Amino acid sequence: MKGLTYDVIVIGGGAAGLFSAFTAARRGKRVLVIEHNHEVGRKIIVSGGGRCNFTNIHTRAENFISKNPHFCKSALAQYTPEDFVSLVKSHKIAFYEKKLGQLFCRESSRQIVQMLLEECRRSRVTIETSCSVSDVSSTGEHAFAVETNRARFEARNVIVACGGLSFAKIGASDLGYRIAAKFGLKRTDTRPSLVALVARDKFAGLAGVSIDAVAATDNVSFRENILFTHRGLSGPAVLQISNYWSPTSPVTIDLCPDVDVEESLRSRSNGVSVAVFLSKFLPDRVARHIAERASFNGNISDLNKGEIEELVGAIKNWELRFIDTEGYDRAEVTLGGVSTDELNSKTMAAKKVPGLYFIGEVVDVTGWLGGYNFQWAWSSGYAAGNAI
Ligand SMILES: Cc1cc2nc3c(=O)[nH]c(=O)nc-3n(C[C@H](O)[C@H](O)[C@H](O)COP(=O)(O)OP(=O)(O)OC[C@H]3O[C@@H](n4cnc5c(N)ncnc54)[C@H](O)[C@@H]3O)c2cc1C
């Protein structure tokens, strides 16, 4: 045991990994971070359109999806959005609330990476970039060997922080799941999430139209914009729904959340076509699409009771079937991951393997769109770094 080089090796220099590294190092631990990209924090850099939506001030356990909805509570309580905001302020990074509690950097997401690197530097964390981990093995209780393309490193503790499967082009790999499997830890099914959905029906002519709407499935609903694409739907409301969607559950869309369409139709004026009438509260292209889809080519005053009901349904309760997602290459996160049954919720330690920890996106805890996933990265990173 004496020969071990580090107290902690962190696999993955992303949001969770860097946070856990300086948290442990501040407590006097010798910490090594191993990152296979040539620089750390690439997902942070591309996040939030280059401005990193680094937390959400309304973060609660209800904003996360996991087989165990209570699992995230302890870590979120140990390190809160307010704690992260204090850190950001202490580094004099200007930020603003865009909407719904979502905090973004005013200038650049690179400032968040610089902040994490500065904290690592101050606490003497060693960081190896362009170094790819291929395997982790146990060399005794609380002793691990980490194989890389450059060298074999040893440590008493290993924190697995190598993320999920989304955006392989900026470094995602399945290493975290392979390490879990090797140590006999279960994982839940994984799939792309916070991602655009591919519809069974195509919306020719609507691609590019964005409207404020309510998207709902299985008892959850989100009111934000939806965006028609060539293959289906995107936009914040649909990305949120993708966390809950399954091929067997239809998604319903209310295209006019603030309008009592039935009432408007009752007081309709004569002499205009259905499409023209609908364009009072919908973009022209959407109004035409709805009228054509239901073959309402005539005058609004000619609609009978049944047709009015059908029209109201088409606008307020449009039921859509999606057949797929746009895949990991376009997904902000991976839903599912290392089973929370296997981990201690206070410390993120694997219950069966002393010294092995899993944090961030590799764990079966997935946040809503809006800064929640980074908050999970900071909080779970803190919990592990503080426990070692
Ligand atoms: C385009 C995009 C925009 C996003 N915007 C936001 C946002 O604004 N707000 C928000 O809350 N969330 C956002 N997210 C989600 C957020 O980025 C992730 O949830 C978060 O980065 C997860 O942190 P992590 O540390 O667990 O994983 P990651 O940040 O993915 O870090 C894992 C690290 O491990 C490294 N790695 C992988 N395999 C190996 C290996 N074999 N050897 C060595 N290193 C390895 C990777 O290169 C990577 O650096 C966005 C995601 C994407 C893709």
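**Close-up views of the predicted model**

**Figure 1. Thr139 on strand S8.** Thr139 is partly exposed, at 43% relative accessible area. That value falls between the limits of 20% for buried and 50% for exposed, so the residue belongs to the middle class. The model is predicted. Strand S8 covers residues 133-140 and carries Thr139. Arg156 is 17 residues from Thr139 in sequence. In space, the two C-alpha atoms are 9.5 Å apart.

**Figure 2. The whole protein, for orientation.** The protein has 388 residues, and 55% of them are buried. Its secondary structure consists of 12 helices and 21 strands. The C-alpha trace spans about 90 × 45 × 35 Å along its principal axes.

**Figure 3. The surroundings of the ligand.** A shell of 32 residues surrounds the ligand. Ala16, Glu35, Ser173, Glu361 and Phe374 are the closest. By residue type, the shell divides into 13 nonpolar, 15 polar and four charged residues. A polar backbone atom of Ala15 lies 3.2 Å from a ligand oxygen. Gly48 places a backbone N or O atom 3.2 Å from an oxygen atom of the ligand. For Asn53, a backbone N or O atom is 2.9 Å from a ligand nitrogen. On its own the ligand has 1,000 Å² of accessible area, and the protein covers 94% of this. Helices H1 (15-26), H2 (42-46) and H12 (372-387) are the elements that give two or more residues to the shell. Which of the elements gives the largest share? Helix H12 does, with three residues.

**Figure 4. Two aromatic pairs.** The model holds 19 aromatic pairs. One of them joins Phe144 and Phe183, edge-to-face. Their ring centres are 6.1 Å apart, with 65° between the planes. Phe144 sits in strand S9 (residues 143-148), and Phe183 in the loop between helix H6 (175-182) and strand S11 (191-193), so the pair ties together parts 39 residues apart in sequence. Both residues are buried. The second pair is Phe222 and Tyr244. Here the centres lie 6.1 Å apart and the planes meet at 35°, so the pair is tilted. Phe222 belongs to strand S14 (residues 220-228). Tyr244 is in the loop between helix H7 (236-242) and strand S16 (251-254), 22 residues away. Are the two partners buried or partly exposed? Phe222 counts as buried because its relative accessibility is 7%. Tyr244 reaches 22%, so it counts as partly exposed.

**Figure 5. Charges over rings.** The charged end of Lys98 sits over the ring of Phe104, 4.8 Å from the ring centre. Arg187 lies over the face of Tyr177. The distance to that ring centre is 4.4 Å.

Figure 6. Ala181 is part of helix H6. It has 53% relative accessibility and so counts as exposed. Val338 is 157 residues from Ala181 in sequence. Their C-alpha atoms are 9.1 Å apart in space. Thr366 lies in strand S21 (residues 366-367). Is Thr366 buried or exposed? Thr366 is buried, because its relative accessibility is 1%. Its side chain reaches the backbone oxygen of Thr334 at 3.4 Å.

Figure 7. Which backbone angle stands out at Arg124? Arg124 has a positive phi of about 65°, although it is not a glycine. Arg124 lies in the loop between helix H5 (110-122) and strand S7 (126-128). At 71% relative accessibility, this arginine counts as exposed. His142 also shows a positive phi, near 55°, in a residue other than glycine. The place of His142 is the loop between S8 and S9. His142 is partly exposed, at 29% relative accessible area.

Note on methods. Residues are numbered from 1 along each chain as its sequence is written. This is a predicted model: local features need pLDDT of at least 70, side-chain atom pairs count only at pLDDT 80 or more; totals for chains, interfaces and linings use all residues. Side-chain values use heavy atoms; hydrogens and water are left out. Rings of Phe, Tyr and Trp (its six-membered ring) pair if their centres lie within 6.5 Å; planes under 30 degrees apart count as stacked, over 60 as edge-to-face and the rest as tilted. Helices (H or I, at least four residues) and strands (E, at least two) are DSSP runs, numbered from the N terminus. Buried means under 20% relative accessible area, exposed over 50%, partly exposed in between (1.4 Å probe, protein chains only). A charge sits over a ring if NZ of Lys or CZ of Arg is within 6 Å of the ring centre and within 35 degrees of the ring normal. A residue is near a molecule or strand if one of its heavy atoms lies within 4 Å of it. A polar contact is a pair of N or O atoms within 3.5 Å; within protein, one must be able to donate a hydrogen and the other to accept it, and residues adjacent in sequence count only if both atoms are side-chain atoms. Accessible areas come from the Shrake-Rupley method with a 1.4 Å probe; for residues, only the protein chains shown count as cover. Ala, Val, Leu, Ile, Met, Phe, Trp, Tyr, Cys and Pro count as nonpolar, Asp, Glu, Lys and Arg as charged, and the others, Gly among them, as polar.
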